Amino acid sequence: MSRRHLSFACEGETLIGTLDEGAASSGLLIVSGGNELRSGAFAGQARFAARLAAQGFPVFRFDRRGLGDSSGENDGFRGSREDILAALAAFRSECPQVQRVVAFGNCDAASALMLMRGDMCDALVLSNPWTYDDDTGGQDLPPPDAIRARYASRLRDPAQVLRLLRGGVNISSLFRGLKASLARSKPAGTLYAEIAEGLDAATKPYVILIADNDRTGQEFVARWDGTNGEVRRCAGASHAYVEPHARKWLEAQLLEMLRG
């Protein structure tokens, strides 16, 4: 396995990408979320790319305009369509053996792929899609629907009921959660409607991944009513799947899509 850094054009600007080479005819495009660089937090995406490439699958990462080593102005995930399309074209040019590109995005990178309907991609892996119309991510607690579902699950678990009866539960946290569970869920905003419409219009296979301990993922699931795509959940996983079991789970999901 070897790693190469390369540049490519996007609407008059120069983007920088990194290719972990592999001989397989399926490849992975990683779209970074937020203002994260292509290396990922603490080089997490770089290590992830190396592991997949070691199994024969080429992996392409890039900095969109205005981030990292790329020139231009940062227009956020809503303005990243042309960056993603340019990266896809560069990926296919650098790896002519690749006949099928799977695009992976977490958080607002997933939303960006949904907004562009997965154009030029062959399959999508959409993780914890961002649905908030502002940058705050809503309140500190998960959405009411998610809280109610969690409490219902715990009440069906004899071990959790016994723990409650024995005083092993923080009562103040319990009442805070119960109060939040009685609130009315916020109505879906403009962004949610847009990504739902974009995904409905996509003409390629996709899977939605949710980290069960992530508020962004919980909010999406609470609103999601789609029937065409499968939703898979990873118990005990945080937003970036940093837990050892979550990293292995995420890798398995992507390998399954790449081999499909």
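Guide: What follows is a chat about this predicted model, taken topic by topic.

Visitor: Let's begin with the sheet. What is the strand order?
Guide: The order is E1-E2-E4-E3-E5-E6-E7-E8, in an open sheet of eight strands with mixed pairing.

Visitor: And which strands sit at the edges?
Guide: Strand E1 (3-10) and strand E8 (230-234) are the edge strands, and each pairs on one side only.

Visitor: How much are neighbouring strands turned against each other?
Guide: On average by 25°, with direction ignored.

Visitor: Back to E1. How does it run against E2, parallel or antiparallel?
Guide: E1 and strand E2 (residues 13-20) run antiparallel, and eight bridges join them. As one point of reference along that pair, Arg-4 stands opposite Leu-19 in E2.

Visitor: What about the loop between E1 and E2, which residue is found there?
Guide: Glu-11 is found in that loop. Its phi is positive, near 50°, and Glu-11 is a residue other than glycine.

Visitor: Is Glu-11 buried or exposed?
Guide: Glu-11 is exposed, with a relative accessible area of 58%. As background on the phi value, most residues other than glycine have a negative phi.

Visitor: Where else does a positive phi turn up in a residue that is not a glycine?
Guide: Met-120 has one, at about 70°. Met-120 lies in the loop between helix H3 (108-115) and strand E6 (123-127). With a relative accessible area of 40%, Met-120 is partly exposed. Arg-117, which follows H3, also has a positive phi, near 60°.

Visitor: While we're at H3, how many of its residues are buried?
Guide: Seven of its eight residues are buried, so H3 counts as mostly covered. The buried ones are Asp-108, Ala-109, Ala-110, Ser-111, Ala-112, Leu-113 and Met-114.

Visitor: What do those buried residues pack against?
Guide: They pack against several strands and helices, E3, strand E5 (100-106) and E6 among them. The helices in that list are helix H2 (81-94), helix H7 (190-201) and helix H8 (215-223).

Visitor: Now salt bridges. How many are found in the whole structure?
Guide: A search of the whole structure finds 17 salt bridges. One of them joins the side chains of Arg-3 and Asp-20, at 2.8 Å from N to O. That pair links distant parts of the chain, with Arg-3 in strand E1 and Asp-20 in strand E2, 17 residues apart.

Visitor: Which other residue does Asp-20 form a salt bridge with?
Guide: Asp-20 also forms one with Arg-61, where the closest N and O atoms are 3.4 Å apart. Here too distant parts of the chain are linked, as Asp-20 is in strand E2 and Arg-61 in strand E4, 41 residues apart.

Visitor: What about the salt bridge of Arg-232, which residue does it meet?
Guide: The side chain of Arg-232 meets that of Glu-230, at 3.2 Å from N to O. Arg-232 counts as buried at 17% relative accessibility, whereas Glu-230 counts as partly exposed at 45%.

Visitor: Switching to helix H1, how many of its residues are buried?
Guide: Helix H1 (residues 44-53) is mostly covered, with seven of its 10 residues buried. Among them are Gln-45, Phe-48 and Leu-52. The buried residues of H1 pack against E1, E2, strand E3 (26-31), strand E4 (59-62) and helix H9 (244-259).

Visitor: Last topic, the largest pocket. What is its volume?
Guide: Its volume is about 550 Å³. It is lined by 23 residues, and the closest to its centre are Glu-36, Ala-41, Gly-44, Gln-45 and Ala-240.

Visitor: Which element supplies the largest share of the lining?
Guide: That is H1, with five residues. E3, H1, E5 and H9 each supply at least two residues of the lining.

Definitions and conventions: Residues numbered from 1 in each chain as written. Predicted model: local features only at pLDDT ≥ 70, side-chain atom pairs only at ≥ 80, totals over all residues. Heavy atoms only, no water. Pairing = 2+ DSSP bridges. Helix = DSSP H or I, 4+ residues; strand = E, 2+ residues; numbered from the N terminus. Axes fitted to C-alpha atoms, helices over the stretch in contact; angles between N-to-C directions. Buried < 20%, exposed > 50% of the residue type's maximum accessible area, 1.4 Å probe, protein only. Contact = heavy atoms within 4.5 Å. Salt bridge = Lys/Arg side-chain N within 4 Å of Asp/Glu carboxyl O. 1 Å grid on protein atoms, 1.4 Å probe; cavity = no way out; pocket = protein on both sides within 12 Å on 5 of 7 lines; lining within 4 Å. Points joined across faces, edges and corners; volume = space filled by probe spheres on them.
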